Amino acid sequence: MSKRLRRSMLFVPGNNPALIIDAAVFSPDSIILDLEDAVAVDQKDAARELVVRALQTLDFGNCELCVRINGRHTPFFADDIRALVPARPHVLRLAMVESPEDIIYTDQFIDHCEREAGLPSGSVKLMASIETARGVTNAAKIAVSSPRLIAISFGAEDFTHSIQSERTAQGQELLFARSAVVLAARAAGIDPIDTVYSNIDDEPGFRADVKAAKQLGFAGKSCVHPRQVAIVHDVYRPTSDEVYKAERVLAAYADALQKGTGVISVDGRMVDGPIVAKAQRIVDIARAAGSGRGVQV
Amino acid sequence: MIRRYAQAGSLESGDALVHVALAQDEALTIRIKSKVAPRFLASMQSSVREIATELGIMSATIEVMDSGALDFVLRARVTTAIKRSMEASVDE
C-alpha cells in the first residue's frame, strides 16, 4: 500500500475564513490550520470555533488535514483538544514539544476525548513540533513515545532563539538540529518535516532551502505561502530517468513474487528489500506529482 | 444568559462581524447587514436563531455585518460572540 506523502504542509491562519476556504486549491499534501502562532491570544476561542466548523463542513479534497494546537503548557491546550477531536482532523500538530512526556500526556488526553466522542482509539494522529534545544536533545525519545505519532517537524525560529543564535541564509546553525530530527524520525519510521522559510519573496533562497532539506532526508517542508507548495513539489519530483528505473525494479519484483523466484536482478544489479522500498517511494512521489505509470507492489 | 456586550469576527472578505448585546426587551432581535440579504436574509436569520437557541439564548440583540461569509463562518462567529457575551465581565 502506498504511504501518504507529506512533501508540502501548508500553514493556514486558523482565524481567516477566506484563506481556510481556498487552501485546498493549491493542492498541498497537507493543510495545517493554525491555532498557535498565527492567532492572537485574544482570538484563540474564535479561531478554534471556526476551525472546528471548517473541518465539519468543507471538502479539502485529498489533502491531509492537520491542526496545529497550542503547546501543553499553555492555557489553550486542553480546550483545543476537547474541541477538535470530535471534528476528526487527521492529525494534531503539537507545538513546542520538548520531552516524551509532552507526547505521552497529549496521547492520553486525545484518547480520553476519542472515547467521549465515540471514536476508536488512535483515530486522530499526532505530530510533534520540535522547536527548542531541549526538544532536539530529546528528539530520538520523542519520536518513539507514542504509536499515534506519524511525524516530527522542526521549527527553526524558536530553535535559534533557544540556542541564542540568529538564523542565516546558509543555515549552519541549524545543521545539527535538522539532522538530529531526521535521524530520530527515520529511526522511528515516521516522517521528518523541515522548518518554514519565512521570506516568501525569495524564491531562489526557498528552492535552495528545500533542496538542502531533501538532501538531509526530510520527507517534506512546512510552507507559509501557497506559492511555496509548487516549488516543494518540483524539488521533490523524481526525474523521468529515476521513475523509469524504479518502475523496472517494481515490475521485476512483482514478476519474481508471482513466479516464486528468489533472487532477482535488474540491469545486472541485485534487487533487495531496500531497493524495492526506494523504488516504491520514487513511484509514489511520481504518481502524486502526476507522472509515472503507477506500478505498485 | 447574556451578561455583557461582545463581538467576534471581522469585516474582511469572507467573514462576518457579529455584535451581541443585552436586549432592550425579552425578545431575540436579529439584524443583518449584507449585500446578499435580498436573496439570503431568511436563511442567515435562521442560522443565527438556531445557534442562539442551541446556546439557550432567548433574549438578546444580535447584529451581523456580513462580508460574504459562508454559513459555517457565520455560525462560528455567532457562536463565539454569544459565548463571549455569556462570560462575566472583567469587573464582575
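Trainee: Which residue forms a salt bridge with Asp191(A), and how far apart are the closest N and O atoms?

Mentor: A salt bridge is a side-chain nitrogen of Lys or Arg within 4 Å of a carboxyl oxygen of Asp or Glu. In this predicted model, Asp191(A) pairs with Arg186(A), and the closest N and O atoms are 4.0 Å apart.

Trainee: Is Asp191(A) buried or exposed?

Mentor: Buried means under 20% relative accessible area, exposed over 50%, and partly exposed in between, with a 1.4 Å probe and protein chains only. Asp191(A) is buried, because its relative accessibility is 3%. Arg186(A), at 43%, counts as partly exposed.

Trainee: Which residues are linked with Arg186(A) and Asp191(A) in a network of salt bridges?

Mentor: The network also includes Arg4(A), Arg6(A) and Glu64(A).

Trainee: What is the mean pLDDT of chain B?

Mentor: pLDDT is the predictor's confidence in each residue, from 0 to 100. Chain B has a mean of 94, and 96% of its residues reach 70 or more. The model scores ipTM 0.95 and pTM 0.90.

Trainee: How many salt bridges are found over all chains?

Mentor: A search of the whole structure finds 37. One of them joins the side chains of Glu49(A) and Lys83(B), at 3.8 Å from N to O. This pair crosses between chains, from helix H2 (residues 44–57) of chain A to helix H2 (residues 71–86) of chain B. Helices (H or I, at least four residues) are DSSP runs, numbered from the N terminus. Glu49(A) is buried at 14% relative accessible area, whereas Lys83(B) is partly exposed at 41%.

Trainee: Why are Asp79(A) and Arg82(A) separated by about one helical turn?

Mentor: They are so placed because they stand three residues apart in helix H3 (residues 77–84) of chain A. Asp79(A) and Arg82(A) form a salt bridge, with their closest N and O atoms 3.3 Å apart. Asp79(A) is partly exposed at 35%, and Arg82(A) is partly exposed at 48%.

Definitions and conventions: Residues numbered from 1 in each chain as written. Chains lettered and ligands numbered in written order. Predicted model: local features only at pLDDT ≥ 70, side-chain atom pairs only at ≥ 80, totals over all residues. Heavy atoms only, no water. Helix = DSSP H or I, 4+ residues; strand = E, 2+ residues; numbered from the N terminus.
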